[in-house]
Amino acid sequence: MKFYFSHVRLFRGAVGDKFVFMDDNATCHRTLTVQDCLDSEGIQCLVWPARSPDLNPIKNVWDALGRQVAGRNYPPTNKNTLIRALTEEWDKLPQQLLDNVVQSMLAVGKSWSRLLSGQRRAQISALPRMQDVACLSVITGNNYLQADLLNIGLSDSPLCPLCKSVSMTEQHLFDCPTLLHIISQDNCEVLPPASATSALYWTARRLKSERTLAGVT
């Protein structure tokens, strides 16, 4: 906790009076201990709506950092080499990537704002967490799939990373030939739309990650 807040203090000192701390609604961030520490430091936090989608651009940066570490010639094998790899790859991240990530949040935020007051948002909020995240990720486009990665500069193509034919969309989750066996296996054709979208979305994310780690582009 002390290590965590030592970094927050540095950023607050650099930004000044307009500093607002942004984390998310993860349970570990909402404990009384964390809240007491924030209050004692006089740190203003960004208020997130309950069960909001992941709109924190740092998550896209973590994704980029993870890809860089996974692609090293000699992957880390213990805590010390992992820390060294993360530090070295962090220093190599181009400023343009960070700028692209922040700019991409503007478009995502506009999509999200249209959902906040609508009936569709209320329906999605009532879904189980995994389905909620999957549906909102697909709707807003902040989904870590290929078109999103192209937008923030982590890919040179918007095509589906699994079949390489068209851009990944909600409809393409059901049309992608690589996912056809999942449709049959999970009976997605008879599941409610949100359940089917969620099952296919998380499968696509997993397959894409596996291919990335295996060096398949």
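I started from Leu-179 and, leaving aside its neighbours within four places in sequence, I found it in contact (heavy atoms within 4.5 Å) with Leu-162, Leu-173, Leu-200, Thr-203, Ala-204 and Leu-207. I note that this is a predicted model, in which local features need pLDDT of at least 70 and side-chain atom pairs count only at pLDDT 80 or more, while totals for chains, interfaces and linings use all residues. Residues are numbered from 1 along each chain as its sequence is written, and side-chain values use heavy atoms, with hydrogens and water left out.

I then looked up a second, separate core of seven residues, and I found that Phe-5, Val-8, Leu-38 and Ile-43 are included in it. By nonpolar core I mean a set of buried Ala, Val, Leu, Ile, Met, Phe, Trp, Tyr and Cys residues joined through side-chain atoms within 4.5 Å; buried is under 20% relative accessible area, exposed over 50%, and partly exposed in between (1.4 Å probe, protein chains only).

The largest nonpolar core has 14 residues, and Leu-162, Leu-173 and Leu-179 have the most contacts inside it.

For the cysteines, I searched the whole structure and found zero disulfides (pairs of cysteine sulfur atoms within 2.5 Å). Cys-176 is buried at 0% relative accessible area, and its sulfur lies 3.9 Å from the closest cysteine sulfur, in Cys-160, which is too far for a bond.
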